[in-house]
Amino acid sequence: MPVTGEVVALRRHVRGALVGEPGANLTQGRQWMQDPRYPIGKAQIGEEPLAGAQRAELIELVARAPAELRAVVAGLTDAQLDTPYREGGWTVCQLAHHVPDSHMNAYVRFRLALTEDEPTIKPYLEARWADLPDARTLPVEPSLQLLEALHERWVTLLRAMTPEQFGRAFVHPERGRRMTLDQTLQLYAWHGRHHVAHVRVLRERMGW
(Lines give C-alpha, C1' and ligand atoms only; values in the text may rest on other atoms or scores of the structure.)
Protein backbone atom coordinates (compact mmCIF):
# COMPACT_ATOMS: atom_id res chain seq x y z
CA MET A 1 0.00 0.00 0.00
CA PRO A 2 1.47 3.40 -0.89
CA VAL A 3 2.31 5.80 1.93
CA THR A 4 0.14 8.91 1.73
CA GLY A 5 1.30 12.47 2.26
CA GLU A 6 -0.82 12.52 5.40
CA VAL A 7 1.08 9.59 6.86
CA VAL A 8 4.41 11.20 6.06
CA ALA A 9 3.22 14.32 7.87
CA LEU A 10 2.04 12.34 10.89
CA ARG A 11 5.33 10.47 11.11
CA ARG A 12 7.17 13.79 11.11
CA HIS A 13 4.87 15.43 13.64
CA VAL A 14 4.07 12.78 16.25
CA ARG A 15 6.58 12.33 19.11
CA GLY A 16 6.01 12.69 23.07
CA ALA A 17 3.91 15.81 24.48
CA LEU A 18 2.64 18.93 22.76
CA VAL A 19 5.17 21.75 22.86
CA GLY A 20 5.25 25.34 21.64
CA GLU A 21 3.18 28.29 22.77
CA PRO A 22 0.77 30.17 20.50
CA GLY A 23 2.56 32.92 18.60
CA ALA A 24 5.98 32.04 19.97
CA ASN A 25 7.57 34.92 18.10
CA LEU A 26 10.73 35.04 20.19
CA THR A 27 11.77 31.60 19.01
CA GLN A 28 10.37 31.65 15.49
CA GLY A 29 13.43 33.21 13.90
CA ARG A 30 15.77 30.56 15.24
CA GLN A 31 13.36 27.73 14.39
CA TRP A 32 12.89 29.14 10.87
CA MET A 33 16.64 29.04 10.30
CA GLN A 34 16.74 25.45 11.56
CA ASP A 35 13.77 24.18 9.54
CA PRO A 36 11.29 26.55 7.87
CA ARG A 37 8.66 23.80 7.78
CA TYR A 38 8.25 23.95 11.58
CA PRO A 39 8.31 27.56 12.82
CA ILE A 40 6.77 26.57 16.20
CA GLY A 41 8.49 23.18 16.30
CA LYS A 42 7.07 19.76 15.55
CA ALA A 43 3.96 18.47 17.28
CA GLN A 44 4.84 16.06 20.06
CA ILE A 45 2.03 13.81 21.22
CA GLY A 46 1.94 12.12 24.61
CA GLU A 47 0.87 8.55 25.23
CA GLU A 48 -0.79 9.19 28.61
CA PRO A 49 -4.33 10.57 29.04
CA LEU A 50 -4.46 14.33 29.43
CA ALA A 51 -5.37 16.06 32.67
CA GLY A 52 -8.59 18.05 32.57
CA ALA A 53 -6.83 21.43 32.59
CA GLN A 54 -4.51 20.37 29.76
CA ARG A 55 -7.43 19.19 27.69
CA ALA A 56 -9.37 22.41 28.27
CA GLU A 57 -6.37 24.50 27.19
CA LEU A 58 -5.98 22.50 23.98
CA ILE A 59 -9.68 22.83 23.18
CA GLU A 60 -9.31 26.61 23.49
CA LEU A 61 -6.41 26.51 21.02
CA VAL A 62 -8.65 24.66 18.56
CA ALA A 63 -11.42 27.21 19.20
CA ARG A 64 -9.10 30.13 18.38
CA ALA A 65 -7.74 28.66 15.14
CA PRO A 66 -10.31 30.16 12.72
CA ALA A 67 -9.85 33.70 14.03
CA GLU A 68 -6.07 33.35 14.02
CA LEU A 69 -6.03 32.12 10.42
CA ARG A 70 -8.36 34.91 9.31
CA ALA A 71 -6.21 37.52 11.05
CA VAL A 72 -2.92 36.33 9.61
CA VAL A 73 -4.12 36.41 5.98
CA ALA A 74 -6.03 39.70 6.34
CA GLY A 75 -5.01 42.39 3.89
CA LEU A 76 -2.85 40.18 1.67
CA THR A 77 -3.03 40.83 -2.06
CA ASP A 78 -3.63 38.12 -4.64
CA ALA A 79 0.08 38.13 -5.46
CA GLN A 80 0.98 37.73 -1.79
CA LEU A 81 -1.55 34.91 -1.36
CA ASP A 82 0.12 33.16 -4.30
CA THR A 83 3.54 33.36 -2.60
CA PRO A 84 5.00 30.09 -1.22
CA TYR A 85 5.69 30.32 2.49
CA ARG A 86 9.10 28.77 1.79
CA GLU A 87 11.00 27.59 -1.27
CA GLY A 88 9.20 24.53 -2.61
CA GLY A 89 6.36 24.94 -0.13
CA TRP A 90 2.66 25.61 -0.48
CA THR A 91 1.41 29.09 -1.21
CA VAL A 92 -0.46 31.07 1.43
CA CYS A 93 -3.63 30.36 -0.56
CA GLN A 94 -3.00 26.62 -0.46
CA LEU A 95 -2.30 26.76 3.28
CA ALA A 96 -5.56 28.61 3.91
CA HIS A 97 -7.53 25.96 2.01
CA HIS A 98 -5.55 23.07 3.53
CA VAL A 99 -6.43 23.89 7.14
CA PRO A 100 -10.21 23.27 6.77
CA ASP A 101 -9.51 20.25 4.54
CA SER A 102 -7.40 18.75 7.31
CA HIS A 103 -9.72 19.72 10.14
CA MET A 104 -12.75 18.31 8.32
CA ASN A 105 -10.98 14.96 8.26
CA ALA A 106 -10.15 15.30 11.96
CA TYR A 107 -13.76 16.19 12.83
CA VAL A 108 -15.06 13.12 10.99
CA ARG A 109 -12.50 10.93 12.77
CA PHE A 110 -13.70 12.21 16.14
CA ARG A 111 -17.28 11.35 15.24
CA LEU A 112 -16.33 7.92 13.95
CA ALA A 113 -14.32 7.10 17.07
CA LEU A 114 -17.16 8.27 19.31
CA THR A 115 -19.77 6.12 17.58
CA GLU A 116 -17.82 3.03 16.50
CA ASP A 117 -15.37 0.70 18.25
CA GLU A 118 -11.88 1.67 17.07
CA PRO A 119 -12.82 2.23 13.43
CA THR A 120 -10.16 2.16 10.75
CA ILE A 121 -10.13 5.59 9.17
CA LYS A 122 -9.35 6.48 5.57
CA PRO A 123 -6.22 8.55 5.00
CA TYR A 124 -6.12 11.21 2.31
CA LEU A 125 -3.42 12.52 0.00
CA GLU A 126 -3.04 16.01 1.41
CA ALA A 127 -0.48 17.16 -1.16
CA ARG A 128 -2.83 16.18 -3.99
CA TRP A 129 -5.77 17.87 -2.29
CA ALA A 130 -3.68 21.04 -2.05
CA ASP A 131 -2.91 20.83 -5.76
CA LEU A 132 -6.55 20.71 -6.89
CA PRO A 133 -7.78 23.81 -8.77
CA ASP A 134 -9.93 25.18 -5.93
CA ALA A 135 -7.06 24.99 -3.45
CA ARG A 136 -4.73 26.79 -5.84
CA THR A 137 -7.03 29.51 -7.21
CA LEU A 138 -10.17 30.06 -5.12
CA PRO A 139 -10.19 33.16 -2.89
CA VAL A 140 -9.51 32.23 0.72
CA GLU A 141 -12.76 33.65 2.13
CA PRO A 142 -14.88 30.50 1.48
CA SER A 143 -12.34 28.39 3.36
CA LEU A 144 -12.17 30.88 6.23
CA GLN A 145 -15.96 30.68 6.52
CA LEU A 146 -15.85 26.90 6.22
CA LEU A 147 -13.29 26.68 9.03
CA GLU A 148 -15.39 28.95 11.26
CA ALA A 149 -18.54 26.85 10.75
CA LEU A 150 -16.65 23.59 11.16
CA HIS A 151 -15.00 24.68 14.41
CA GLU A 152 -18.31 25.85 15.84
CA ARG A 153 -19.56 22.26 15.52
CA TRP A 154 -16.24 20.64 16.49
CA VAL A 155 -15.55 22.76 19.57
CA THR A 156 -19.13 22.29 20.80
CA LEU A 157 -18.50 18.55 20.60
CA LEU A 158 -15.08 18.75 22.25
CA ARG A 159 -16.39 20.76 25.20
CA ALA A 160 -19.18 18.24 25.79
CA MET A 161 -16.96 15.14 25.72
CA THR A 162 -16.11 13.19 28.87
CA PRO A 163 -12.58 12.04 29.80
CA GLU A 164 -13.64 8.50 28.92
CA GLN A 165 -14.67 9.61 25.45
CA PHE A 166 -11.27 11.22 24.90
CA GLY A 167 -9.82 7.77 25.58
CA ARG A 168 -11.65 6.30 22.59
CA ALA A 169 -9.56 5.70 19.50
CA PHE A 170 -9.40 5.06 15.80
CA VAL A 171 -6.88 3.05 13.81
CA HIS A 172 -4.77 4.69 11.14
CA PRO A 173 -4.18 1.86 8.61
CA GLU A 174 -0.85 3.12 7.32
CA ARG A 175 0.57 4.09 10.69
CA GLY A 176 -0.35 0.64 11.96
CA ARG A 177 -1.50 1.82 15.38
CA ARG A 178 -4.44 3.25 17.27
CA MET A 179 -4.66 6.95 18.04
CA THR A 180 -6.79 8.18 20.95
CA LEU A 181 -8.91 11.28 20.75
CA ASP A 182 -6.71 12.86 23.44
CA GLN A 183 -3.76 12.38 21.09
CA THR A 184 -5.73 13.66 18.11
CA LEU A 185 -6.71 16.76 20.08
CA GLN A 186 -3.04 17.44 20.80
CA LEU A 187 -2.15 17.11 17.13
CA TYR A 188 -4.84 19.47 15.89
CA ALA A 189 -4.34 22.06 18.63
CA TRP A 190 -0.82 22.28 17.18
CA HIS A 191 -1.86 22.02 13.53
CA GLY A 192 -3.75 25.30 13.21
CA ARG A 193 -1.00 27.27 14.98
CA HIS A 194 1.60 25.54 12.81
CA HIS A 195 0.12 26.89 9.58
CA VAL A 196 -0.71 30.31 11.02
CA ALA A 197 2.96 30.58 11.97
CA HIS A 198 3.99 29.74 8.39
CA VAL A 199 2.12 32.83 7.19
CA ARG A 200 3.16 35.02 10.11
CA VAL A 201 6.85 34.27 9.59
CA LEU A 202 6.52 34.85 5.83
CA ARG A 203 4.89 38.24 6.46
CA GLU A 204 7.62 39.20 8.91
CA ARG A 205 10.34 38.08 6.51
CA MET A 206 8.81 39.91 3.54
CA GLY A 207 7.83 43.02 5.49
CA TRP A 208 4.13 42.71 4.63
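**View 1. The largest nonpolar core of the predicted model.** This core has 31 residues, and Phe110, Trp154, Leu158, Met161, Phe166, Leu181 and Leu185 touch the most other members. A nonpolar core is a set of buried Ala, Val, Leu, Ile, Met, Phe, Trp, Tyr and Cys residues joined through side-chain atoms within 4.5 Å. Buried means under 20% relative accessible area, exposed over 50%, and partly exposed in between (1.4 Å probe, protein chains only). Helices H3 (52–73), H5 (92–115), H8 (141–160) and H10 (181–206) each give two or more residues to this core. H10 supplies the largest share, seven residues. Helices are DSSP runs (H or I, at least four residues), as are strands (E, at least two), numbered from the N terminus.

**View 2. Leu158 and its contacts.** Contact means heavy atoms within 4.5 Å. Neighbours within four places in sequence aside, Leu158 is in contact with Ile59, Val62, Phe110, Phe166 and Leu185.

**View 3. A nonpolar surface patch.** Leu125, Trp129 and Leu132 form the patch, with about 240 Å² of accessible area together (Shrake-Rupley method, 1.4 Å probe; only the protein chains shown count as cover). Leu132 sits in the loop between helix H6 (126–130) and helix H7 (133–137). Leu132 counts as partly exposed because its relative accessibility is 43%.

**Notes.** Residues are numbered from 1 along each chain as its sequence is written. In this predicted model, local features need pLDDT of at least 70, side-chain atom pairs count only at pLDDT 80 or more, and totals for chains, interfaces and linings use all residues; side-chain values use heavy atoms, leaving out hydrogens and water.

Notes
Patch = residues over 30% accessible without salt bridge, like charges linked within 9 Å, V, L, I, M, F, W, Y side chains within 5 Å. Salt bridge = Lys/Arg side-chain N within 4 Å of Asp/Glu carboxyl O.
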